[in-house]
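Student: Could you take me through how to read a model like this one, beginning with confidence and ending with the space on its surface?

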Amino acid sequence: MHLKTIILSLAKEQLDQEESEREREKEKALAERVPDLELNNLSSQELQDLCRELHSKIDVTDEERYDTEMKAGKHAKEILDLSQKIFDLRGKFKRPPLRRVRMSADAMLRALLGSKHKVSMDLRANLKSVKKEEKEDKAQDIGDWRKNVEAMSGMEGRKKMFDTALQHQS
């Protein structure tokens, strides 16, 4: 823990030194570019000339600033276009999330074809109709269980079962 506090204090000192060094460099650059103005002993004509000169310098710097902003904007747009081309070439597209839409077939055709769609589609019209077969009730076979057991016992009963199965199949 002690080592950690020492490292943090050293890092803080280095940051402070770097910040003060940046301030000194900034002041030095400003002193080189912008000399101090001596306005005390100047006449009104000289002050007007100085103002015109400063205005012309301001115009030049504004033009340069505008040009650099336009170049930066142009480069940013080119970067976006190139990155889009890269995505297109890779085949990785961002797919939007799809929403489920409930729509009838008629509404879909109207949406796709517009006013050209005049025929309504009835999807159930072409379906096969299936007739329900009536199943024979097995209740009539089932009666008194004692009679069925006596009737089916022995070889005669097996023959009766075989005969009734053939009748049901045909």
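Student: Where in the chain is confidence lowest, and where is it highest?

Tutor: Where pLDDT is low, the predicted coordinates should not be read in detail. This is a predicted model, and its chain has a mean pLDDT of 80, with 71% of the residues reaching 70 or more. Confidence is highest in helix α1, residues 2–33, at a mean of 93, and lowest in helix α4, residues 145–152, where the mean is 61.

Student: Which secondary structure elements does the chain contain, and in what order do they run?

Tutor: The chain has 5 helices and 0 strands, so that, read from the N terminus, its elements run α-α-α-α-α.

Student: What share of the residues counts as buried?

Tutor: Of the 170 residues in the chain, 2% are counted as buried, while the exposed surface comes to about 18100 Å², of which carbon and sulfur atoms supply 56%.

Student: How far does α2 reach, and what follows it?

Tutor: The 47 residues of α2 span 68 Å from the first C-alpha to the last, which is close to the 69 Å expected at 1.5 Å a residue. After α2 comes Gly91, with a positive phi near 85°.

Student: Which residues line the largest pocket, and how much space lies in it?

Tutor: Rolling a probe the size of a water molecule over the atoms shows where empty space is left. Here the largest pocket holds about 190 Å³, and its lining consists of Arg33, Val34, Pro35, Asp36, Leu37, Leu50, Glu53, Leu54 and Lys57. Helix α2, residues 44–90, gives the largest share of that lining, with 4 residues, and by class the lining comprises 5 nonpolar and 4 charged residues, with no polar ones.

Key. Residues numbered from 1 in each chain as written. Predicted model: local features only at pLDDT ≥ 70, side-chain atom pairs only at ≥ 80, totals over all residues. Heavy atoms only, no water. pLDDT = per-residue confidence, 0-100. Helix = DSSP H or I, 4+ residues; strand = E, 2+ residues; numbered from the N terminus. 1 Å grid on protein atoms, 1.4 Å probe; cavity = no way out; pocket = protein on both sides within 12 Å on 5 of 7 lines; lining within 4 Å. Points joined across faces, edges and corners; volume = space filled by probe spheres on them. Nonpolar A, V, L, I, M, F, W, Y, C, P; charged D, E, K, R; others polar. Expected span 1.5 Å × (residues − 1). Buried < 20%, exposed > 50% of the residue type's maximum accessible area, 1.4 Å probe, protein only. Areas by Shrake-Rupley, 256 points an atom, 1.4 Å probe, with all protein chains shown as cover.
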